[in-house]
Amino acid sequence: MASSQPSATALISAYGRAYHATHAQEKIFDDYLADKLFTDEQRAFFAENLARAFAFFDPEGAADVTTPEEALARFMQNSSLPITLSRARYVEEILTREIEKGVTQYVILGAGLDTFAFRRSDLMPRLKLFEVDHPATQNYKRARIQELGWQAPPQLHWVALDFAQGNLMSALESIGYDSRARTLFSWLGVTYYLPRAVIDATLREIAARACADSILIFDYFDADAFIPERTAPRVAKMQAATRQSGEPMQTGFDPATLGAELDALGFALQENSSPADIQASYFRGRADGYSACEHLYFARARVK
Ligand SMILES: C[S@@+](CC[C@H](N)C(=O)[O-])C[C@H]1O[C@@H](n2cnc3c(N)ncnc32)[C@H](O)[C@@H]1O
């Protein structure tokens, strides 16, 4: 991503959560604070541009659409929003369970405009929270929070860091991360934008310095997603759109070998949810056209 601008994909993910929270009858994930992160001008900008983008995602479908509102609603069904919503719910469901089993720290890697710290006042008193993000995105978010007058809870710690430069665990330890405490690390919507060497180095560092039985959750695209003749049309369009916004998707994993690869990095894979699993957990029976994204998996692993 560009080093001076906040991540465009982080803004679009948050806009999608805001849209869902303010429009959906039956919510997959209710980020009721996300809408407040946007000014009226930003909301109008995203609504207009994403409605227009629907014709790119689904040229045939666009022929039947009569209003910009309908085009925006169809864009939300047919783009990355189902991934954004389901991965956020997946992590917070696991975190809620794991807090009961002794997890006391939550590290959000590549947090973007995640509102957890302000939204989950039920869980915050039981956690130390670390938000790690690229400085350009994190500075943008902090400035917006200040403008809104939101009071950051004392348990929230900020770490501005480029994963490519390493030193994640030292940065965390320098602001109060306790390496003896069981921790949940989430890395949502990030691995596919990083080179594989950066992912491996980051995971190796976590496994070496987080305490045993800490948890890692990330989402990933399978290797087929990156092969033009095998990838699903929706995923190919997402790749084209993120490339254009300066955040090209570049790395996937093979679900069949992920367990062995994580094992070599110091983790035991515990869950590897396929698109069919995600469909069954979060999208079954929905009448609004949302469905799990082809090629997109959720991985949950523990530090050995
Ligand atoms: C698609 S957004 C995901 C945000 C959030 N996790 C979510 O689910 O909405 C990708 C995030 O990864 C961060 N990111 C991308 N490359 C990074 C890097 N090299 N170092 C640190 N953060 C990075 C961006 O700043 C952005 O917040």
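In which sense do β1 and β2 pair, and over how many bridges? The legends below take up this pairing first. The model shown is predicted.

**Figure 1. Strand β1 and its two partners.** β1 and β2 pair in the parallel sense, over 5 bridges. β1 also pairs with β4, again in the parallel sense and over 5 bridges. Glutamine 105 can be followed to both sides. Its bridge partner in β2 is lysine 128. In β4, glutamine 105 stands opposite threonine 183. β1 is mostly covered, with 5 of its 5 residues buried. From β1, Gln105, Val107 and Leu109 point one way. Tyr106 and Ile108 point the other way, and all of these side chains belong to buried residues.

**Figure 2. The open sheet of 7 strands.** The strand order is β3-β2-β1-β4-β5-β7-β6, and the pairing is mixed. β3 (156–160) and β6 (267–273) are the edge strands, each pairing on one side only. Neighbouring strands are turned by 20° against each other on average, direction ignored.

Figure 3. Strands β6 and β7 (residues 296–303) run antiparallel and are joined by 6 bridges. Opposite serine 273 stands phenylalanine 298 in β7.

**Figure 4. The shell around the ligand.** How many residues surround the ligand? There are 21, and the closest are Ser13, Gly110, Gly112, Thr137 and Gly189. By type, the shell divides into 9 nonpolar, 9 polar and 3 charged residues. Helix α1 (residues 8–23) gives the most to this shell, with 3 residues. Both domains take part: domain 1 (8–78) and domain 2 (82–303) each supply at least three residues.

Figure 5. Where domain 1 touches domain 2. The domain assignment of the chain gives domain 1 (8–78) and domain 2 (82–303). Their C-alpha centres lie 22 Å apart. The contact takes 22 residues from domain 1 and 25 residues from domain 2. On the side of domain 1 that touches domain 2, the elements giving two or more residues are α1, α2 (40–57) and α4 (68–78). Of these, α1 gives the most, with 9 residues. The residues on this side of domain 1 divide into 13 nonpolar, 6 polar and 3 charged. Histidine 23 in helix α1. Histidine 23 is found in helix α1. Is this residue buried or partly exposed? Histidine 23 is partly exposed, because 13 other C-beta atoms lie within 10 Å. A second residue, alanine 301, gives a sense of distance across the chain. Histidine 23 and alanine 301 are 278 residues apart in sequence. In space they are 34 Å apart, C-alpha to C-alpha.

**Figure 6. Two loop residues with positive phi.** Most residues other than glycine have a negative phi. Aspartate 213 has a positive value, near 75°. Aspartate 213 sits in the loop between α9 (196–209) and β5. Aspartate 213 counts as partly exposed because it has 15 C-beta neighbours inside 10 Å. Histidine 295 also has a positive phi, near 75°. Histidine 295 is found in the loop between α12 (275–283) and β7. Is histidine 295 buried or exposed? With 22 C-beta neighbours inside 10 Å, histidine 295 counts as buried. The cut-off for buried is 20 or more other C-beta atoms within 10 Å.

Technical notes:
Residues numbered from 1 in each chain as written. Predicted model: local features only at pLDDT ≥ 70, side-chain atom pairs only at ≥ 80, totals over all residues. Pairing = 2+ DSSP bridges. Helix = DSSP H or I, 4+ residues; strand = E, 2+ residues; numbered from the N terminus. Axes fitted to C-alpha atoms, helices over the stretch in contact; angles between N-to-C directions. Near = placed C-beta within 6 Å. Nonpolar A, V, L, I, M, F, W, Y, C, P; charged D, E, K, R; others polar. Domains from an automatic or database assignment. Buried ≥ 20, exposed ≤ 12 C-beta atoms within 10 Å, placed from the backbone. Contact = placed C-beta atoms within 7 Å.
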